Amino acid sequence: MKLDIPLLHKIQIVAHKLRLKSEEILTENFNLSFNDYTFLHVLKNKGKQSQDSLSQIIGITPAGVSNRVQTLSKEEFIKIEVNQENRRKNTITITSKGKNIEQRASKRLSDDFNKSIRTIQNLEDFEIGRA
């Protein structure tokens, strides 16, 4: 028996499945969280940013930004230029190592996304119980 799921809910299910698949790809292949990837993607495309602006762009708390900055800095994916007067104004830039992993991750995510979209023939296949 097929469930009568409204279109909006079907779209939410597809988006959720794609997000889970993306997180799996990033973790297993690049040892990155989705937030890590998002940081690198923003920095690669928008250039250097303050921690404050990263918080606003990405939509996570300043504490979350600080945590991600420390993690990505240890991996040498980003560089921190410290503002001695106001640490929220530290400037964050992506390194060549960060650009490289972001490009490889983006390619892999794009390929998987395109493959997933091609296999979706009917949104009714995405029932709640299969999420």
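This is a predicted model: local features need pLDDT of at least 70, side-chain atom pairs count only at pLDDT 80 or more; totals for chains, interfaces and linings use all residues.
Let's step back into α3 itself, residues 51–58. Which residues of this helix are buried? Q51, S53, L54, S55 and I58. And what sits over them? The cover includes α2, residues 34–46, and β1, at 49–50. It also includes α4, which is 62–74, and β3, 91–94.

Okay, zooming out. We've got five helices and three strands in the protein chain. Reading from the N terminus, the order goes α-α-β-α-α-β-β-α. The chain has 131 residues, and 34% of them are buried. If you take contacts with a separation of 6 or more, 58% are between residues 24 or more positions apart.

Now the inside. Nonpolar side chains tend to be buried together in soluble globular proteins. Here, the largest nonpolar core has 21 residues. L54, from our α3 list, is among those with the most contacts inside this core, along with L26, F30, L32, F39, L40 and I78. At least two core residues come from each of α1 (7–30), α2, α3, α4, β3 and α5 (96–119). α2 gives the largest share, five residues.

What does L26 touch, if we skip residues up to four places away in sequence? You'll find N31, L32, S33, F34 and Y37, and then A105 and L109.

That's what I have, thanks.

Technical notes:
Residues are numbered from 1 along each chain as its sequence is written. Side-chain values use heavy atoms; hydrogens and water are left out. Buried means under 20% relative accessible area, exposed over 50%, partly exposed in between (1.4 Å probe, protein chains only). Helices (H or I, at least four residues) and strands (E, at least two) are DSSP runs, numbered from the N terminus. Contact means heavy atoms within 4.5 Å. A nonpolar core is a set of buried Ala, Val, Leu, Ile, Met, Phe, Trp, Tyr and Cys residues joined through side-chain atoms within 4.5 Å.
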